[in-house]
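Please read it beside the sequence and the coordinates.

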Amino acid sequence: QVQLAESGGGSVQAGGSLSLSCQASQRWNCMGWFRQTPGKERDGVASIRSDGRTNYADSVKGRFTISQDNAANILYLQMNNLKPEDTAMYYCAMHSGSLLSLGRNFYRYWGQGTQVTVSS
């Protein structure tokens, strides 16, 4: 059973930065970061393949950076210039294959989430 554990969430003022981490129990072909606010669907933020190729949602391009430490099985999300609309629960997820996608249906394993709150 794959286990994923996020960390690094918190509260920050608009314009600030936060860095999220996700420790996985095994190696992956593709991983992603998703976020969700109450009453809304879980949306893809960024994804990365083991070969380093990345994909970002338009809303975070130029502000967020996804990266990975393949040796340690750690996924990262560096979030800069945060906006109040970035406030959400953030989840890391492991893809069931290797297609670089932000579609949540492709992801089989999920972490418990970490809260990010951005105040104006």
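The link between Cys-22 and Cys-92 is right-handed, with 55° about the S-S bond. It is a disulfide, with the two sulfur atoms 2.0 Å apart, the term meaning a pair of cysteine sulfur atoms within 2.5 Å. The model is predicted: local features need pLDDT of at least 70 and side-chain atom pairs count only at pLDDT 80 or more, while totals for chains, interfaces and linings use all residues. Residues are numbered from 1 along each chain as its sequence is written, and side-chain values use heavy atoms, with hydrogens and water left out.

**Cysteines**

- The count by this rule is 1 disulfide.
- Cys-22 belongs to strand β3 (residues 18-24) and Cys-92 to strand β9 (residues 88-95), so the bond ties together parts that are 70 residues apart in sequence. Strands (E, at least two residues) are DSSP runs, as are helices (H or I, at least four), and they are numbered from the N terminus.
- Cys-22 has a relative accessible area of 0% and is therefore buried; the classes are buried under 20%, exposed over 50% and partly exposed in between, using a 1.4 Å probe and protein chains only.
- Cys-92 is likewise buried, because its relative accessible area is 0%.
- Cys-30 takes part in no disulfide, and the nearest cysteine sulfur, that of Cys-92, is 12 Å away.
- Cys-30 counts as buried because its relative accessibility is 0%.

**Salt bridges**

- Side chains of opposite charge can pair when their charged atoms come close.
- The structure holds 5 salt bridges, each a side-chain nitrogen of Lys or Arg within 4 Å of a carboxyl oxygen of Asp or Glu.
- One of them pairs Arg-35 with Asp-86, where the closest N and O atoms are 2.9 Å apart.
- This pair links distant parts of the chain: Arg-35 is in strand β4 (residues 30-36) and Asp-86 in the loop between β8 (74-79) and β9, 51 residues apart.
- Arg-35 is buried because its relative accessible area is 14%, and Asp-86 counts as buried because its relative accessibility is 1%.
- Another salt bridge joins the side chains of Glu-41 and Arg-104 at 3.5 Å, N to O.
- Glu-41 lies in the loop between β4 and β5 (43-49) and Arg-104 in the loop between β9 and β10 (107-110), so that the pair links distant parts of the chain, 63 residues apart.
- Glu-41 counts as exposed because its relative accessibility is 53%, whereas Arg-104, at 33%, counts as partly exposed.
- Lys-61 and Asp-58 also form a salt bridge, with their closest N and O atoms 3.1 Å apart.
- Asp-58 is exposed, because its relative accessible area is 65%.

**Arg-63**

- Arg-63 sits in the loop between β6 (54-56) and β7 (64-69).
- With 9% relative accessibility, Arg-63 counts as buried.
- The side chains of Arg-63 and Asp-86 make a polar contact at 2.7 Å; the term means a pair of N or O atoms within 3.5 Å, and within protein one must be able to donate a hydrogen and the other to accept it, with residues adjacent in sequence counting only if both atoms are side-chain atoms.
- Leaving aside residues up to four places away in sequence, Arg-63 touches Gln-78, Met-79, Asn-80, Asn-81, Leu-82, Lys-83 and Asp-86, where contact means heavy atoms within 4.5 Å.
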